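Please read this report with the sequence and the 3D view side by side. Each section takes up one part of the chain.

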Amino acid sequence: MGTLDSAVMCSMCRALGPSKASSVAHMHLRILFQDEPDGKRGLQSLYQCSVCRTCWLQQFDKWESCLGFKLWPGNAEDYLGAIYDSSQVKTMPSK
Ligand SMILES: [Zn+2]
């Protein structure tokens with residue numbers, strides 16, 4: 001709930017850095033959801049930091065190599081909405 005301001009990101013999340021291949025989750029990241037690969041897309045997992053509440057998407061490609069973490073701008077519900085709508089949505093929501 002509420003707005004997420006990247007200025008309040010904790011130092012561990014800042015160190016994580018977006019889209020860095022092979023980054024590993026830091027100790028305060030908790031996994032919220034894991035999404036099975038569907039053929040077009042690899043495995044992805046949603047994490048939330050228990051310190052600063054930042055959500056991160058960890059993505060793997062079809063060949064299961066880690067693509068790193070991407071900042072997820074919404075919350076867990078937004079994520080589920082995006083997953084379940086994705087079969088009908090042709091354009092990605094704006095970042
Ligand atoms: Zn954090």
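## The loop between β2 and β3

R53 counts as partly exposed because 15 C-beta neighbours lie inside 10 Å. The model is predicted, and R53 is placed in the loop between β2 and β3. R53 is not a glycine, yet its phi is positive, at about 70 degrees. Most residues other than glycine have a negative phi.

β2 and strand β3 (residues 55-60) run antiparallel and are joined by five bridges. Within this pairing, Q44 stands opposite Q59 in β3.

E64 counts as exposed because it has 9 C-beta neighbours inside 10 Å, and the cut-off for exposed is 12 or fewer.

β3 and strand β4 (residues 66-72) pair in the antiparallel sense, over six bridges. Several partners in this pairing can be named. C55 stands opposite W72 in β4, W56 has L71 as its bridge partner, and Q59 has G68.

## The sheet and the helices

The protein chain contains two helices and four strands. Along the sequence they follow the pattern α-β-β-β-β-α. Strands of a sheet pair through backbone hydrogen bonds, either parallel or antiparallel. Here the four strands form an open sheet in the order β1-β2-β3-β4, with antiparallel pairing. β1 and β4 are the edge strands, each pairing on one side only. On average, neighbouring strands of this sheet are turned by 25 degrees against each other, direction ignored.

Where does α2 lie? This helix lies across β1, β2 and β4, and runs at about 15 degrees to β1.

## The nonpolar core

In soluble globular proteins, nonpolar side chains tend to be buried together. In this protein chain, buried residues make up 15% of the 95 residues. The largest nonpolar core has 11 residues: C13, L16, L29, L46, Y47, C49, C55, W56, L57, F69 and W72. At least two residues of this core come from each of α1 (11-16), β2, β3 and β4.

Apart from its neighbours within four places in sequence, L57 is in contact with Q44, L46, F69, K70 and W72. Of contacts in the protein chain between residues at least 6 apart in sequence, 37% join residues at least 24 apart.

M9 lies in the segment before α1. Is M9 buried, exposed or partly exposed? M9 is partly exposed, because 18 other C-beta atoms lie within 10 Å, while a buried residue needs 20 or more. Not counting residues up to four places away in sequence, M9 touches R14, C52 and T54. M9 and C49 are 40 residues apart along the chain, and their C-alpha atoms are separated by 9.2 Å.

V24 lies in the loop between α1 and β1 (29-35). V24 counts as exposed because it has 11 C-beta neighbours inside 10 Å. The C-alpha atoms of V24 and F69 are separated by 8.3 Å, although these residues are 45 apart along the chain.

## Confidence in the model

The average pLDDT of the protein chain is 79, and 77% of the residues score at least 70. Which strand has the highest confidence, and which helix the lowest? Confidence is highest in strand β2 (residues 44-49), at 93, and lowest in helix α2 (residues 76-85), at a mean of 82. Where pLDDT is low, the predicted coordinates should not be read in detail.

Notes. Residues numbered from 1 in each chain as written. Predicted model: local features only at pLDDT ≥ 70, side-chain atom pairs only at ≥ 80, totals over all residues. pLDDT = per-residue confidence, 0-100. Pairing = 2+ DSSP bridges. Contact = placed C-beta atoms within 7 Å. Core = buried A, V, L, I, M, F, W, Y, C linked by C-beta atoms within 7 Å. Axes fitted to C-alpha atoms, helices over the stretch in contact; angles between N-to-C directions.
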